Amino acid sequence: MKSRIILLFILLGCVKFSLAFQKPKGDLADYVNTLQGTNSKFELTRGNTYPTTALPFGMNTWTPQTGANGDGWKYQYFKDEIRGFQQAHQCSSWSNDYAVFSLMPVTGELKLNDEQRASRFTHENETAKPYYYQVQLENGVNTEFSPTERGAHMRFTFPKNKDAWIVLDGYTGTSSVKIDAKNNRITGYVRNGRGMDRIEGMKNYFVIQFDRSFKSEGIWENRNSERFENETSKEGEGIGAYIQFKPGQEVQAKIASSYISLEQAQRNLDTELGKDKNLEKTKSRAKDIWNKHLSKIAVEGGTEDQFKTFYSCFFRASLFSRKFYELDENGEPYYYSPYDGKVHEGYMYTDTGFWDTFRAQFPLNALLYPEMQGRYVSALLDAYEQCGWLPSWSFPSEAGSMVGNHAISLLADAWAKGIQTFDPEEALEAYWHEATNKGPWGPANGREGWKDYYTLGYVAYPETRESTAKTLEYAYDDFCGYTLADMTGNEFYKKRFGDQMYNYRNVYNDKTGFMQGRSKNGKWTENFDPYEWGGPFTEGNAWHYLWSVFQDPQGLIDLMGGEDNFNKKLDSVFNVSNKVNVGTYGGKIHEMTEMQMAEMGQYAHGNQPIQHAIYLYNYSGEPWKAQERLRTVMDKLYNYTENGYPGDEDQGQTSSWYVLSALGFYSVCPGTNQYVIGSPVFEKATITLENGNQFVVEAENNNDENVYIKSAEFGGKTFTRNYIEYQEIQKGGKIHFEMDDEPNKQRGTAAEDKPFSLTKNSK
């Protein structure tokens, strides 16, 4: 009996061991759920995503449309009707979209506008993968599509005994359509969305090639649903087309677009889809591309749910920034610039807001795709030459949204990591112009409050809205300018930016223990309430912005009276009430609701300002607290379902936070070459780098309870640092962690183990 019990324990141990070391089975692309985060609305965001079907960093994406034309919430999981299948570029529901057109299959009576032609569907009859979307509509049509970089391959299978139509919708702006019935083709352009309005003449040209002849065809417009049955070409507001096919046919449509010309759109179609006789070919190639892309990070030793969450997040992190260049007849890159309206040789990218993505999305790109990152940062200076400003929010042109001048973060971060594809003096001159002027296109196009910032040492409130947030982010950006100047031996700009990078000190009130708004005469805002949102802060409150000193955590520790006080205050973020004072917002915004739903005190992971804060325990002598809290956040606030995010996903940032954190490190201070250690989710992760090397993260005894790092080795030697350097990762090798269910309170506490801080490194 005793031997049987022993054998049972051995068998149970083997089962546990085999589960711990299981690997994803089959294609990695099939672990991705593109519906992750789509159960969102104005009042509550679970991602604000749509079921994107696209290739990595592709110029266009494709999605089903449940919302009305012009609605930023283009697909919401709880809705049960589809109005069309769109070419899309949207970063966020809050920014809406641009360069959109859609196709919709209709059966029976021809219905044109997006509300009348809508057809019901269920999620049981829907497939949503990066390389393939399919839905069986209640109107009897099975719709499928797979992506290329600048187009898509669609297939509509119509039911028998019903008239069969496809409606092309020109969306919300000006459009032009020409029907070529002889060649089963529709060509034209669309011009819609705020980002295209700035450049006169900017258009998205498209070619749609069908494989079946038309039974009948016509033009319509979507303002009054007026038909022009005897016309085959027209230009104007909301112009579209409709075509009729024989009932019961399977109709394929190859689609490609271009910002350069119709000729280039046709070239894109021929190059990307010309040899694909059927959808299966396009689908298979897209799947292979995604499998290869996702295999850059091979994880094992996790649960099926963890694999699905990781690869769904990795997918989202691989969409932005989008390619905005095309390939000419010789295969050379060129692009229509959204900054000056001219065609240029070279590379261009768009569709990202740096306030979100400088934190993790670009540091992840630098790690995995340094060649692309080099092209990207070089293109920032091209954008500067073309419009006179460094981008802060490109969509597709400069929108100037949010706060800060974070293009300099990307430039400094690239240089620190050896990605030196641009002229640093030109970059510093461009940033100096950015930091000493205010542009015409939004608060982050140049600097709001820049004169106060340079004369007072802070942006004054209430003269400038969100002034304290701006002061903190300007100071970080000035650090990036300083460190780029320092790395490249530019003493002039080193002095200019070095004087301001400590300005965070000027908005810290040691009497309240928080960052705070401050008037021109130096007085602090009255009736201060750290729970109050808005005012001198951006989408947050004083609990969130206290920690926005990426460049100098040690300096912040000193301001707060030392490590003990700092750690107690950081503990309190998670332990105090999650109450909200709506402040200048006048009512609850979705970020407030999401923070309260998380039930983690004032920790608002659903928005960017506090996403780095947990890692600050690595600077203050208690790294084990970071390890525990990080695993809690990853386990509690992320999953692969339609409710998969704790707030806006934001152009890959919130996904990149998860990808990096699940690997066991994070980019607290872009502009340095360091990634700060956390707690890896998986037993093993193998990162295949662009240079051919592999970097392996092993976490022995890792599970839901063993979240603490007991010990570590790197390169076969004891490793106590709380950070690892970019160049160390690029060389390849293995970092080995031994995990435990009890914290090791001695490891990582020495001064030399702490990551970079200005104050620490200047002593």
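What follows is a chat about confidence, helix packing, cavities and pockets.

Trainee: How do you know how far to trust this model?
Mentor: Well, it's a predicted model, so we look at pLDDT, the predictor's confidence in each residue on a scale from 0 to 100. The protein averages a pLDDT of 95, and 97% of the residues score at least 70.

Trainee: What makes residues 1-20 a stretch to be careful with?
Mentor: Over residues 1-20 the pLDDT stays under 50, and the model has four contacts beyond four places in sequence for them. Where pLDDT is low, the predicted coordinates should not be read in detail.

Trainee: Let's do helices. Why are H4 and H5 called roughly perpendicular?
Mentor: Two packed helices are described by the angle between their axes and the distance between the axes. The axes of H4 and H5 (residues 304-316) cross at roughly 105 degrees and come within 11 Å. Angles from 65 to 115 degrees count as roughly perpendicular, so H4 and H5 are roughly perpendicular to each other.

Trainee: Which residues meet there, in H4 and H5?
Mentor: From H4 you have Trp290, His293 and Leu294, and they meet Tyr311, Phe314 and Phe315 of H5. By class, that contact has five nonpolar residues, one polar and no charged ones.

Trainee: Which residues of H7 and H19 meet?
Mentor: Gln361, Leu364 and Leu367 of H7 meet Gln653, Ser656, Val659 and Leu660 of H19. The contact of H7 with H19 has four nonpolar, three polar and no charged residues.

Trainee: Now the empty space. How do you know where it is left?
Mentor: Rolling a probe the size of a water molecule over the atoms shows that. Here there are nine cavities of 30 Å³ or more, and the largest cavity has a volume of about 100 Å³. It has 16 lining residues, and the closest to its centre are Asn48, Thr49, Cys91, Arg316 and Phe320.

Trainee: What classes of residue make up the lining of that largest cavity?
Mentor: Four nonpolar, seven polar and five charged residues.

Trainee: Which helix gives the most to the lining of the second largest cavity?
Mentor: H8 (residues 370-387), with four residues.

Trainee: What makes a space a pocket instead of a cavity?
Mentor: In a cavity the probe fits but cannot get out, whereas a pocket is open. About 860 Å³ lies in the largest pocket. Of its 41 lining residues, Trp94, Ser95, Ser401, Met402 and Glu539 are the closest to its centre. The lining divides into twelve nonpolar, 18 polar and eleven charged residues.

Trainee: And how much volume does the second largest pocket have?
Mentor: About 690 Å³. Of the 27 residues lining it, Pro56, Glu149, Ile289, Lys323 and Tyr325 are the closest to its centre. H4 gives the most to that lining, with six residues.

Key. Residues numbered from 1 in each chain as written. Predicted model: local features only at pLDDT ≥ 70, side-chain atom pairs only at ≥ 80, totals over all residues. Heavy atoms only, no water. 1 Å grid on protein atoms, 1.4 Å probe; cavity = no way out; pocket = protein on both sides within 12 Å on 5 of 7 lines; lining within 4 Å. Points joined across faces, edges and corners; volume = space filled by probe spheres on them. Nonpolar A, V, L, I, M, F, W, Y, C, P; charged D, E, K, R; others polar. Helix = DSSP H or I, 4+ residues; strand = E, 2+ residues; numbered from the N terminus. Contact = heavy atoms within 4.5 Å. Axes fitted to C-alpha atoms, helices over the stretch in contact; angles between N-to-C directions. Parallel < 35°, antiparallel > 145°, perpendicular 65-115°, else oblique.
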